[in-house]
Amino acid sequence: VGDTPHCIPCGVGRVGPSVMSPKESGCLNCPAGRKNALTTATTIDECLNCGVGLYSEAGSEVCTTCPLGRIQELEGQANCLGCLPGKHQTVHGSNVCDFCMKGKYTATAGVSVACTSCNAGKYQDQDGQALVSIPLFQDFCSFSFSFCPCCIVNIVLATYIYSFVHS
């Protein structure tokens, strides 16, 4: 049929049928996770996958970078994912969550842009782990079992008290 004043392109983020349709309903949105900046695309193959660290809704002209605290590891995705507990993300458009360092944590899965320092009565002695409560009597000395003789005495005392109370 060719370009005539009566033929209107489907527009960006959409593809038109290879055979001209008399109605706009013949146009289709590019699927979520894909984009199309052309106004004259005729097949879904012309909708390009969003790259890692990016996502899009159906009918998008461009892909959007994942916000802080969220990632996308795969191409062609409709959304970004939150980091697991013990991890965080501080870079827009990232494809990987970073571990929280020793002494810091994130408590829940989801949007995690920063790790939090452990509060009194809690510790974290490994990278990328959840928060742990300090065992009974350990808070009376330093938070290190290996170099703190009073911790060992207190642990032995706590074990003795526990076994006495529960016998």
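The notes that follow go from the whole chain to single residues.

This is a predicted model, in which local features need pLDDT of at least 70 and side-chain atom pairs count only at pLDDT 80 or more, while totals for chains, interfaces and linings use all residues. Residues are numbered from 1 along each chain as its sequence is written, and side-chain values use heavy atoms, with hydrogens and water left out.

**Confidence**

- The mean pLDDT of the protein is 75, and 66% of its residues reach 70 or more; pLDDT is the predictor's confidence in each residue, from 0 to 100.
- Where pLDDT is low, the predicted coordinates should not be read in detail.

**The whole protein**

- The secondary structure comes to one helix and 14 strands. Helices (H or I, at least four residues) and strands (E, at least two) are DSSP runs, numbered from the N terminus.
- Of the 167 residues in the protein, 26% are buried. Buried means under 20% relative accessible area, exposed over 50%, and partly exposed in between (1.4 Å probe, protein chains only).
- Among contacts with a separation of 6 or more, 37% are between residues 24 or more positions apart.
- The accessible surface comes to about 10,600 Å², and 61% of this belongs to carbon and sulfur atoms. Accessible areas come from the Shrake-Rupley method with a 1.4 Å probe; for residues, only the protein chains shown count as cover.

- His-88 lies in strand 9 (residues 87-88) and counts as buried because its relative accessibility is 15%.
- Gln-89 sits in the loop between strand 9 and strand 10 (98-99), and it is buried because its relative accessible area is 1%.
- The side chain of Gln-89 makes a polar contact with the side chain of Ser-94 (3.1 Å). A polar contact is a pair of N or O atoms within 3.5 Å; within protein, one must be able to donate a hydrogen and the other to accept it, and residues adjacent in sequence count only if both atoms are side-chain atoms.
- A polar atom of the Gln-89 side chain also lies 2.3 Å from the backbone oxygen of Val-96.
- Not counting residues up to four places away in sequence, Gln-89 touches residues including Leu-68, Arg-70, Cys-83, Cys-97 and Val-113.

- Asn-29 is found in strand 2 (residues 28-29) and counts as partly exposed because its relative accessibility is 42%.
- The side chain of Asn-29 makes a polar contact with the side chain of Arg-14 (3.3 Å).
- Beyond four places in sequence, Asn-29 touches Gly-13, Arg-14, Ile-44, Ala-58 and Gly-59.
- Ala-58 is in the loop between strand 5 and strand 6, and it is partly exposed at 48% relative accessibility.
- Among the residues that Ala-58 touches, not counting those up to four places away in sequence, are Asn-29 and Ala-32.
- Ala-32 belongs to the loop between strand 2 and strand 3 (34-35) and is partly exposed, with a relative accessible area of 33%.
- Ala-32 and Cys-50 are 18 residues apart in sequence, with 9.2 Å between their C-alpha atoms.

- Pro-9 lies in the segment before strand 1 (14-15); its C-alpha is 5.8 Å from that of Thr-40, which is 31 residues away in sequence.
- Leu-68, Val-111 and Val-113 form a nonpolar patch on the surface, with about 230 Å² of accessible area together.- Patches are made of residues with over 30% relative accessible area and no salt bridge, where like charges are joined within 9 Å and nonpolar side chains (Val, Leu, Ile, Met, Phe, Trp, Tyr) within 5 Å; a salt bridge is a side-chain nitrogen of Lys or Arg within 4 Å of a carboxyl oxygen of Asp or Glu.
- Leu-68 is in the loop between strand 6 (64-65) and strand 7 (70-71), and it counts as partly exposed at 33% relative accessibility.

How values were computed
Contact = heavy atoms within 4.5 Å.
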